[in-house]
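Here are my notes on the model, as numbered points. Please read them with the structure open.

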Amino acid sequence: VQLQASGGGLVQTGGSLTLSCAASGGTFSRLAMGWFRQAPEKEREFVAAYGRGVGRTVYTDSVKGRFTISRDNAKKTVSLRMISLKPEDTAVYYCAADSSAILSADPSRRVSAYEYWGQGTQVTVSS
């Protein structure tokens, strides 16, 4: 599975961005898809994920109500709509895929659960 993330950029506080991740190879509908981010000198952290089942979404608390993850199995894409952005959202954002996800379960929040990773896209929120 290859993942290509795009959509990052520079925005002001309160602005919005939509990140997209296109997958190739593998069977997309069998993958749980996640977004993670890594700020300078910090560990990579979970942001949001969409499991195999419809509506199976999870978010880290700091983005609930501001970020929305969605997926399109026909187009093999996962998106992250981000609004009300804050300077603390500044990071490199990575999309990732978990091929061991169970249809009836919520997707994992663990970095180690995802074996496929995109190249990352920079999001910078200015104050």
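1. In this predicted model, Cys21 and Cys95 form a disulfide, with 2.1 Å between their sulfur atoms. The torsion about the S-S bond is 55 degrees, which makes the link of Cys21 and Cys95 right-handed.

2. Are the two cysteines buried or exposed? Both Cys21 and Cys95 are buried, that is, each has under 20% relative accessible area.

3. On secondary structure, the protein has eleven strands and zero helices. Its pattern along the sequence is β-β-β-β-β-β-β-β-β-β-β. The protein is as compact as a globular protein of its length, because its radius of gyration of 13 Å is close to the 14 Å that the globule rule gives for 127 residues.

4. The C-alpha trace spans about 40 × 30 × 25 Å along the principal axes of the protein. Among contacts between residues at least 6 apart in sequence, 60% join residues at least 24 apart.

5. As for burial and surface, 41% of the 127 residues count as buried. The accessible surface of the protein comes to about 6,400 Å², and carbon and sulfur atoms account for 48% of that area.

6. On charge, the protein carries 15 positive and 10 negative side chains. The centres of these two sets lie 7 Å apart.

Conventions
Residues are numbered from 1 along each chain as its sequence is written. This is a predicted model: local features need pLDDT of at least 70, side-chain atom pairs count only at pLDDT 80 or more; totals for chains, interfaces and linings use all residues. Side-chain values use heavy atoms; hydrogens and water are left out. Helices (H or I, at least four residues) and strands (E, at least two) are DSSP runs, numbered from the N terminus. The radius of gyration is taken over C-alpha atoms; the globule rule is 2.2 Å times the number of residues to the power 0.38. Buried means under 20% relative accessible area, exposed over 50%, partly exposed in between (1.4 Å probe, protein chains only). Contact means heavy atoms within 4.5 Å. Accessible areas come from the Shrake-Rupley method with a 1.4 Å probe; for residues, only the protein chains shown count as cover. Lys and Arg count as positive and Asp and Glu as negative; His and the chain ends are not counted. The place of a charge is taken as NZ of Lys, CZ of Arg, CG of Asp or CD of Glu. A disulfide is a pair of cysteine sulfur atoms within 2.5 Å.
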